Each structure stands twice: as structure tokens, then as C-alpha cells.
Amino acid sequence: MTDTDRDGLPERNRRRFPGISSRAYEHPADRSALVALRKLSGFDTVFKALSGLLPERSLRLLFLSNSVRVSEAQFAHLHTMLRDACDILDLERVPQMYVQQDPSPNAMCIGLDEPIIVVTTGLVELLDEEEMRAVVGHEVGHALSGHAVYRTILLFLTNLALRVAWIPLGNVAIMSIVTALREWFRKSELSADRAGLLVGQDIQASMRGLMKIAGGNHLHEMNVDAFLAQAEEYESSGDLRDSVLKILNVLPRTHPFTTVRAAELKKWAQSRDYQRIMDGHYPRREEDKDTSVTESFRQSASHYADSVRTSSDPLMKLVGDIAGGAGDLGGKLREKFTGSSGKGSDSQQS
């Protein structure tokens, strides 16, 4: 299809990826979970059978009645962008897309039978054409991976947890599932960021979009390198107390922090995996059924091992030290929590 902007002028050519499997861009933790779920016989059928219990029909009617459906007649530039994103990632069925009145910049992809993409007016007004293209690609990546199904279930379980909050054990059980789903979904967001880059094929636009989501429409006041430096400082600064606070801060979130997303995407854009995809070497959808669950989990475990080994976070460094058989565990814990070795205080004791 021809890619045109809102003025009808042709855009620059972008590489297409016929038959691409979502495994090509999925974060290792996201990929291993999805491969395992896809291998479960009847999994999709069971969850689709739950559609009568889930609020999907209600959501569809809500968006249809109270939002603007993107088409050739409404938000035509977003319609063109959506069709182009589906063409690039070879998603045959173009999802319905809605623009919802909401000043907060946000987007989501939900649905069991058919994915629905929703973007807020706050996001449309905040981003320029190329930044928005990356967001649309991000949501199409969710659709291709099947994330919309699990996002819908997460929304349902979160609402259910609120309704049964008065039942102590019931709430604990549901919230444990919600917490696990949120951890997986944060990784799925990193996958979708990669899909957005494959669609937009402009790393600077992806970086600008994330900066704007974090700091608003003040690009002249912001700097990509300084923004990425924040992510590095966030990872490496402080002691174990800060590491614990980071975990507590992220637990209720469905998305990773914005600086972290930017750093992760920049790292992937500079990787050999990304370059291979751009050169046309990527896993095909037709091979998904032959994918090994064991191999996917091995790759996920290897990724986490590498993350622990290379991380500058105090807690991850301690985990690496323990795994490496480092001695004086008590001393290391004291040093990580207090930022000092404790030698000075020991020397003053009689």
C-alpha cells in the first residue's frame, strides 16, 4: 500500500517484514511466557469462552458510543498510519482504532476476539507525526503478539480484586495473579516499544515520544542524552534501600518507567538482533508452532543472568556477588545498605 501523510504527500519508504513472527522483537521474558501459552492446547478457546464474563462487549460499546472511530473520514492521518503499521508487520486484519477524549497521554490495545486500539486526545495532541507512528506501531505490536487478550484479562482481574477486597483470602489470591500479570506486562511493553521502532524506523522519533510522555511538549527544554543519563543514574545510584524502593514503586505499574524504556529501546536498536531484522533475517510466523518452550525459557534465563551480571543496581550486583560465591556476606549486606564498609565503626569498638 502507498504510505501518505495527512497532506497526501508520499512518506519515505520503510522496510516491510513479510510473515514476521512477533518472536523477532519480543523481550525474552515476554517471549518465553507467550511461547508456553501458545503451546497449551485449547488455551485461546478457553479464554475466548470467558468473553461473556469479561467486560469486552461493554468496552466495545463504550468506545463506539463515546469515542471517535478512526477511519478515512475521521482522523484520516491516523487511519493511514495504522494501515501502514499493519502492512509493515504483515498483520492481515487491521484492528479498529478509537480516539478517546482524555487529556492524559495514553494508548492501549485490548480485546479477546478482535483487538481494539485506543489512543487519547492527550497523546494525539502531544506527539508529532513520526512520534505518533512509533506509538501506533507499538500498539500493532501488542496486537500481533496477542497481548490484547492478556491485557483484557488483567483489566478484568484488577476490577474483580476491587470488588472482592472485603474477602481477605480471595483478594490476596487475585492480587497475586494480578502482580504476576503486571510483571509480565511490563516486559511486554518493552516488546511493543521494539515493534514501534520496527514500524517507525526512526530511533530519534521513538526517543522524543518517550521524553514527551515523561516531560510534556517541551522538546526545546529536553535532551535525549541527558534523558538516557537519568536511566543510568536511576539504575546505579543509592544502596540496597533504594533497590527495594525501586521494586515497591514499580509493583503497581503496568508499564516500566519511561527513562528505563528509553534506555532499553536504545540498547536494542544498537544490537545485532535489530540489525538482522532490518536486513531481512528474522523468525517467520509459520515457524511459531515448532518453537521450543524449553529453548525459549533458556533464552529468558540467559537474558536475566546477563542482566544481573552487567547491572549496576546495588541489589543486582549483590545477587551477582552471591552467585559468584563472594565471601563476607554480612559485610557486603552492611555495605550495600549503608553505603559504607563498616570498618571505621569496628575500629572504634573496644
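1. Two strands count as paired if DSSP finds at least two bridges between them. The model is a predicted one. In it, Cys 109 stands opposite Ile 117 of strand 4. Strand 3 (residues 107–110) runs antiparallel to strand 4, and four bridges join the pair.

2. Strand 4 also pairs with strand 2 (residues 96–100), here in the parallel sense and over five bridges. Within this pairing, Gln 100 has Thr 120 of strand 4 as its bridge partner.

3. Is strand 4 (residues 116–120) enclosed or open? Five of its five residues are buried, so the strand is largely enclosed by the rest of the structure. In a regular strand the side chains alternate between the two faces of the sheet.

4. The largest nonpolar core has 48 residues, of which Phe 17, Ile 20, Leu 89, Val 119, Met 132, Val 140 and Leu 198 touch the most other members. Leaving aside residues up to four places away in sequence, the contacts of Phe 17 include Ile 88, Asp 90, Gln 201 and Tyr 282. Another core, of seven residues, lies apart and includes Leu 59, Phe 63, Tyr 98 and Met 108.

5. Helix 10 (residues 224–236) and helix 12 (residues 258–269) have axes that come within 8 Å and cross at roughly 105°. Helix 10 is therefore roughly perpendicular to helix 12. Among the contacting residues are Phe 227 and Tyr 234 of helix 10 and Val 260 and Lys 266 of helix 12. The residues of this contact divide into seven nonpolar, three polar and one charged.

How values were computed: Residues numbered from 1 in each chain as written. Predicted model: local features only at pLDDT ≥ 70, side-chain atom pairs only at ≥ 80, totals over all residues. Heavy atoms only, no water. Axes fitted to C-alpha atoms, helices over the stretch in contact; angles between N-to-C directions. Helix = DSSP H or I, 4+ residues; strand = E, 2+ residues; numbered from the N terminus. Parallel < 35°, antiparallel > 145°, perpendicular 65-115°, else oblique. Contact = heavy atoms within 4.5 Å. Nonpolar A, V, L, I, M, F, W, Y, C, P; charged D, E, K, R; others polar. Core = buried A, V, L, I, M, F, W, Y, C linked by side-chain atoms within 4.5 Å. Buried < 20%, exposed > 50% of the residue type's maximum accessible area, 1.4 Å probe, protein only.
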